[in-house]
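Hello,

Here is the structure you will be working with. Please open it first, then read the notes below.

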Amino acid sequence: MSVRVARLFRYPLKSGRRIEVSEAEVRSTGLAGDREYMVVDPDGDLVTMRELHALGLLDSADVIAACERTGQIRPVRVWKWDGLGEDQGDAVADLVSRHAGTELRVVRFPDRHRRPTVLGGGETMYADGYPLLVASTRSLEEVNSWLDEPIPMERFRPSIVLDGLDRPFIEDDIASIAINDVVIDLVTPCGRCVMTTIDQDTAEKTGREPLRTLGQRRVLPQVGGGQEIMFAMNAVPRTIGTIRVGDEVTVTMHDRPYLERVQQV
């Protein structure tokens, strides 16, 4: 099969509006600058589009332009991870708070701070758990064949979209991909949440799809126990470099399917 990079997305502000690019620098923490900033409540807890849909319309460039390096390091929390963030000042806090209609702050991932991934030995900044999310156009086509109304790839907020894979959800069984000199391990399927039901261009909740249908067809066991609705793959870069839309992708498969691998962990 001939596989290529179809699309690339960055999300400098976690839960902010996506930026689609034609090329990107891959670093150990993902695409350069990805999820480097996030919105928190006054206690330092992450606030996302899940709770405040309006955050999805925030232009990352406008938010970052209003930030200032205050040097004020504060505790923050991303789900179960307790870490640190550099407060970005009152101007950007006012901008984001007015937009969302509630009191919020913006923090930046501090220099020399490190957040390890649960699996795969990688590191990330303020992403949900992994530095990259790799998705497939073939898998989205399959999901859309199940739905009454098709949805765009943007609903899943991927980093790298691959085209040319020869069957849907084959990414479950891909061990790694190589794009130019960049090697990326696909570590674990990504559990999906209510954010997939939010229109990324209007910030409006559209109903229960695609989560309802995925819940009928794509519930998979997790490493360590439990089950989740899965679409796309969490991934960890092993080397750094530049990748571009149209680049050829070399695929290395696991020797056993996902269900066999996870059952033996």
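In what order do the four strands of the open sheet stand? The order is β5-β8-β7-β6, and the pairing is antiparallel. Keep in mind that the model is predicted.

β5 and β6 (residues 73-78) stand at the edges of this sheet. Each has a single partner strand, so one side of each has no neighbour in the sheet. On average, neighbouring strands are turned by 50° against each other, ignoring direction. β5 is joined to β8 by four bridges; in one of these strands, β8, R105 is the bridge partner of V40.

Next, helix α2, which spans residues 90-100. Its residues V92, A93, V96, S97 and A100 are buried. They cover an arc of only 130° around the axis, which means that they lie on the same side of α2. The elements covering these buried residues include β5 (37-40), α1 (60-65) and β8 (105-108). After α2 comes G101, with a positive phi near 80°.

Last, the nonpolar cores. The largest one has 23 residues, and those with the most contacts inside it are I160, L162, I177, I184, L186 and I243. Several strands each supply at least two residues of this core, among them β1 (3-10), β10 (160-163), β11 (174-179) and β12 (182-191). Leaving aside neighbours within four places in sequence, I184 is in contact with residues including L132, I160, A175, I177 and V236. A second, separate core has 17 residues, including A135, W146, I151 and M153.

Regards

Conventions. Residues numbered from 1 in each chain as written. Predicted model: local features only at pLDDT ≥ 70, side-chain atom pairs only at ≥ 80, totals over all residues. Heavy atoms only, no water. Buried < 20%, exposed > 50% of the residue type's maximum accessible area, 1.4 Å probe, protein only. Arc of directions from axis to C-beta. Contact = heavy atoms within 4.5 Å. Core = buried A, V, L, I, M, F, W, Y, C linked by side-chain atoms within 4.5 Å. Pairing = 2+ DSSP bridges. Axes fitted to C-alpha atoms, helices over the stretch in contact; angles between N-to-C directions.
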